[in-house]
Amino acid sequence: ASSNALAWSGEVHQLVANLAYERLTPAARSEVDRLIATQSANVQGCEIESFASASTWPDCVRRRSGYTQTAPYH
């Protein structure tokens with residue numbers, strides 16, 4: 001018998017994001033850092049401060065006014 005499937009926690013999303021970030025080319029990492037520094041996607045309580053925090057941003061905003069349409073995309 002199989003067990004229930006469990007979704008990844010925010011912690012695991014961020015762990016995987018950190019592993020991916022470490023494997024980016026220097027140019028890609030620089031561009032990611034530049035985009036994060038713009039803070040253009042920040043929503044109060046769902047701030048993006050790093051590549052890792054960006055990995056949980058969709059979960060944070062999907063029930064907020066103005067972002068509910070994004071829930072199915074995550």
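A charge is said to sit over a ring if NZ of Lys or CZ of Arg is within 6 Å of the ring centre and within 35 degrees of the ring normal. The model is predicted, with local features needing pLDDT of at least 70 and side-chain atom pairs counting only at pLDDT 80 or more, while totals for chains, interfaces and linings use all residues. Residues are numbered from 1 along each chain as its sequence is written, and side-chain values use heavy atoms, with hydrogens and water left out.

**Exercise 1.** Determine over which ring the charged end of Arg29 sits.

Solution. The charged end of Arg29 lies over the ring of Tyr21, at 5.0 Å from the ring centre.

**Exercise 2.** Classify the aromatic pairs, taking rings of Phe, Tyr and Trp (its six-membered ring) as paired if their centres lie within 6.5 Å, and calling planes under 30 degrees apart stacked, over 60 edge-to-face and the rest tilted.

Solution. Step 1: the rule gives two aromatic pairs. Step 2: Tyr21 and Phe51 form a tilted pair, with 5.6 Å centre to centre and 40° between the planes. Step 3: because Tyr21 lies in helix 1 (residues 10-22) and Phe51 in helix 3, this pair ties together parts that are 30 residues apart in sequence. Step 4: Trp57 and Tyr67 have ring centres 5.7 Å apart and planes at 90°, so their pair is edge-to-face. Helices here are DSSP runs (H or I, at least four residues), numbered from the N terminus.

How values were computed
Helix = DSSP H or I, 4+ residues; strand = E, 2+ residues; numbered from the N terminus.
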